[in-house]
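Here is a short walk through one protein model. Start with its pockets, then move on to its sheet.

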Amino acid sequence: SELRRESSDNNHRNDFRPDGNRAWSDGYRGSAVDDTIPTRTLFVGNLDSNTADQTLYEIFGKFGSVEHVDIKAPRNGASGTFAFVRYAEVSSAKEAKQELHQKLIGSSRIRLGYGRGTPSARIHISGLGAWCSLDWLEREFDRFGAIHHIEYRTGSPTALVSFDSV
């Protein structure tokens, strides 16, 4: 797998999808250049149609632990192959986006953006210490909505807070 950066110019295609639509509901949220809200998932646009999952694992894995790669090829042989690369940590996605945006994978210059976060009524909390208690979790998280249930064992470094609604 070859990865290189070409000099930047303004003559490259600026569409990420076969139909030019930048607001699909599959996790991509607008322009890769203007997207400033980092998530663990990167949208990788303008891929060669023959790009393999393993190639993306290797290239994006240089920036952190890649949990999943999902390549999407358009139907009927149309151009516009793209992928989603999900990292274990947001910091890895941020670094990869900074380093790889507009680099070449094969013969195509890729475009990167952050995937859209999915609303959830549950939040996972890590990094808790001996100082944490069920009462503390209730006080800290009830400001975000009515709490349905908290899963926490005293001394555990993690907890799961479930809310009544998103």
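The largest pocket has a volume of about 210 Å³. A pocket here is an open set of points on a 1 Å grid over the protein atoms alone, where a 1.4 Å probe fits, with protein on both sides within 12 Å along at least five of seven lines. Volume is the space filled by probe spheres set on the points. Thr118, Pro119, Ser120, Arg122, Ile123 and His124 line this largest pocket (an atom within 4 Å of a point). The model is predicted: local features need pLDDT of at least 70, side-chain atom pairs count only at pLDDT 80 or more, and totals for chains, interfaces and linings use all residues. Numbering starts from 1 along each chain as its sequence is written, and side-chain values use heavy atoms, without hydrogens and water.

The second largest pocket has a volume of about 180 Å³. Its lining includes Thr39, Arg40, Thr41 and Arg86. Thr118 is also one of its lining residues.

Now turn to the sheet.

Look at the join between β9 and β10 (residues 158-163). Four bridges link these strands. Isoleucine 147 has phenylalanine 163 in β10 as its bridge partner.

Definitions and conventions: Two strands pair if DSSP finds at least two bridges between them. Helices (H or I, at least four residues) and strands (E, at least two) are DSSP runs, numbered from the N terminus.
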